[in-house]
Amino acid sequence: MKHWHIEQIAWDSFDPGKVEPEVVPLVKAAAMVERNGDDYAAYLKSVFHDDPDFQAAADNWAVEENQHGDALGRWAMLADPSFNYMESFARYRAGYKIDVKADASIRGSRTGELIARCMVETGTSSYYTALGEASDEPVLKQICRLIAADEYRHFKLFYDHMKRYLGREKLSFPRRLRVALGRVGETEDDELAFAFHCSNDPPGVAYEHARCSAGYMGRAMGYYRQHHIERSMGMIFKAIGLEPRGRMSDLAARGAWRLLCWRREKFRQQLAREAQPIYARAA
Ligand SMILES: [Fe+2]
Ligand SMILES: [Fe+2]
């Protein structure tokens with residue numbers, strides 16, 4: 001059911017001269033999170049235990065997310081032959097666990113769970129679009145384009161199921177908004193920061209949330225442009241039941257762009273302060 005296969009990627013076109021060094025740690029970390037799709041699918045199937053249609057969709061979704069991890073991991077090993085994708089992923093999996101046997105969504109309702117999934121797919125869709133547009137390396141460009149298209153389809157998938165549950169559960173607008181904002185706020189939690197640690201820190205360096213979060217976010221936020229945020233805001237508005245295009249969406253996008261620039265600067269300052277002593281200690 002996959003829309004593309006990893007062997008379709010033009011791996012022979014890899015051009016080491018066009019690899020931007022700052023993108024490599026991001027690709028390594030993203031590979032970890034993507035490859036963890038199986039656990040999230042198990043959680044979703046547990047929450048939606050009496051919905052075989054959604055369970056089948058979650059299985060297909062996980063196959064695609066795993067492939068995202070494998071493609072990014074393979075590219076990262078070309079860019080940095082010292083990187084061991086599966087070894088790093090084993091560290092990630094051992095240290096980052098989600099409750100795969102939950103009998104109810106951590107979002108409080110199934111509609112809420114699906115809105116949270118829409119937020120994640122909005123984030124990944126815009127992130128890979130931004131990364132692909134910024135990259136000159138042809139293989140990474142192709143991978144990002146393929147992944148971004150999958151992530152947009154995933155958004156639509158979760159959105160359609162969300163509409164179905166919204167009809168039943170009638171989740172109020174403030175509660176939908178709270179779930180959406182809550183999930184966006186979680187971007188700075190451990191999932192990405194710990195992935196950055198497992199895939200980039202040399203052995204023996206302890207996990208520090210603030211340092212690893214800055215390592216990931218300080219770099220990642222540099223790839224976004226305002227049009228990516230405008231598109232994301234349209235998707236967020238759609239997921240919570242507001243008009244995706246219009247004055248309100250434009251205003252929110254402008255505010256989000258300002259917030260992103262401010263956070264990016266904070267992370268970069270932290271990165272500049274901490275990078276030197278940490279790696280000096282590890283040597
Ligand atoms: Fe993905
Ligand atoms: Fe996805």
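Predicted model: local features only at pLDDT ≥ 70, side-chain atom pairs only at ≥ 80, totals over all residues.
Conventions. I number residues from 1 along each chain as written, and I letter chains from A and number ligands from 1 in written order. Local features need pLDDT of at least 70 and side-chain atom pairs pLDDT 80 or more, while totals for chains, interfaces and linings use all residues; side-chain values use heavy atoms, without hydrogens and water.

Iron site. I looked up the protein donors (N, O and S atoms within 2.8 Å of the metal, 3.2 Å for Na, K and Ca; water is not among the atoms, so sites may look incomplete) of the iron ion (ligand 2). They are E65 (OE), E121 (OE), E151 (OE) and H154 (ND1), at 1.9 to 2.2 Å. Their spacing along the chain is E-x55-E-x29-E-x2-H. E65 also coordinates the iron ion (ligand 1), which lies 3.6 Å from the iron ion (ligand 2). I note that E65 is in helix α3 (residues 52–79) and E121 in helix α5 (residues 110–134), 56 residues apart. Helices here are DSSP runs (H or I, at least four residues), numbered from the N terminus.

Burial. I checked accessibility, with buried meaning under 20% relative accessible area and exposed over 50% (1.4 Å probe, protein chains only). E65 is buried at 6%, and E121 is buried at 1%.

Helix α4. In α4 (residues 85–95), I found Y85, S88, F89 and Y92 buried. They lie on the same side of α4, because their arc (directions from the helix axis to the C-beta atoms) is only 100°. E87 and A94, on the other side, are exposed.

Technical notes. Helix = DSSP H or I, 4+ residues; strand = E, 2+ residues; numbered from the N terminus.
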